[in-house]
Amino acid sequence: MGPDERLIVQRILGGKTDEYAYFLGHVADAEEVAQDAFVSAYIHLADYRTDMPFATWVCRMAYNKAISMLRTRKRQLQHVVVDDELLEKVSNEMVSEAFGVPHEGRVALLEKALNTLNADERLLIALFYENSKPLREIAYILGMNGNDRQSVNTLAVRIGRIRKKLYVMIKRMEESDGRT
Amino acid sequence: MEEHKQMEQLEQWRLHDQALQMVVKKESNEQPAHHFSYRTMQRIVAQEQRMARRKKLTEVVVLTAVAMIAMGVVIAFLWSYFLDIGLSFSRGKSVHDAPANPSLLVGMVVCCCFFGALNLFLRKQFRL
């Protein structure tokens, strides 16, 4: 138990029971957000006249709920900013080569690198790679107009930049590992 | 053409970035807790009950306000006639001797229409 956790325990024992959520971690938060999204979807079911699938519509609600929850709890994921100039030097081929075959060491570094992304970037990567959602649906979830070509193009560019950012982070980690 | 090329490239990334795909899937592999669906449905039922209660309360408040306003209007409309009847009684005259008031007929028709419509609405609303 670190010094921060001791402080939290003292505060909980002092009556601030809400702070116990710290020990439940993000899983409890995620469940709360998911439940809120489903309840909200049920309440606004009459408004569901979109050309998007139902799951995408609920995902958009969940995204909005998650953002407002992060705002109210003033919780921010720590993320790393990489210079644009540095990203320009990285080619898509270099990234594809690095992310193509899953080596054990590379996977571990990628896990660390993913944690350096901000919430929006992580969500974008998860929706693109894990759920294999079409870009217009991803745009809709993130509050953009899914039928607008400009939004879809912006997302495509953002995905390319996030890949490059991950690549830069991996290279940095490999370099620092090499030095040590 | 440019857009088509961009989409093709994205599909290539999705297909070939195996390492990244593996990490993303591993990261979001957490399953919801036991009884997630049951608890969500419980929340939805509770929410629906709250909404139904709120709707009923709003209806009762609105109907009471409308009925009170309507009664006020009817009384104000027929006030002079009631006054005439009262004065006639106090002078020992019968109702038939009271001065004719054309507003009486209009007032009675308006009153009957309003309360008839309210009756129909309430029967429909409360399924009587």
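This is a predicted model: local features need pLDDT of at least 70, side-chain atom pairs count only at pLDDT 80 or more; totals for chains, interfaces and linings use all residues.
Local features here need pLDDT of at least 70 and side-chain atom pairs count only at pLDDT 80 or more, whereas totals for chains, interfaces and linings use all residues. Residues are numbered from 1 along each chain as its sequence is written, chains are lettered from A in the order in which they are written, and side-chain values use heavy atoms, without hydrogens and water.

**Stop 1: the interface.** Select chain A and chain B together. In contact (heavy atoms within 4.5 Å) are 41 residues of chain A and 31 residues of chain B. The two chains bury about 3300 Å² between them, 64% of it on carbon and sulfur atoms; buried area is the accessible area (1.4 Å probe) lost on putting two parts together, summed over both.

**Stop 2: polar links across it.** Twelve residue pairs, both at pLDDT 80 or more, are in polar contact between chain A and chain B. Such a contact is a pair of N or O atoms within 3.5 Å; within protein, one must be able to donate a hydrogen and the other to accept it, and residues adjacent in sequence count only if both atoms are side-chain atoms. Three salt bridges (side-chain nitrogen of Lys or Arg within 4 Å of a carboxyl oxygen of Asp or Glu) also cross the interface.

**Stop 3: the chain A side.** Colour α2 (21–43), α5 (92–100), α6 (104–114), α7 (119–130) and α9 (149–179) of chain A, the elements that each give two or more residues to the side touching chain B. Helices are DSSP runs (H or I, at least four residues), numbered from the N terminus. The largest share, ten residues, comes from α2(A).

**Stop 4: inside chain A.** Now select A:Glu174 and A:Arg106, whose side chains meet in a salt bridge (3.0 Å, N to O). A:Glu174 lies in helix α9 and A:Arg106 in helix α6 of chain A, so the pair ties together parts 68 residues apart in sequence. Over all chains, the whole structure has nine salt bridges.

**Stop 5: helix α3 of chain B.** Finish on B:Leu87, which is found in helix α3 of chain B.
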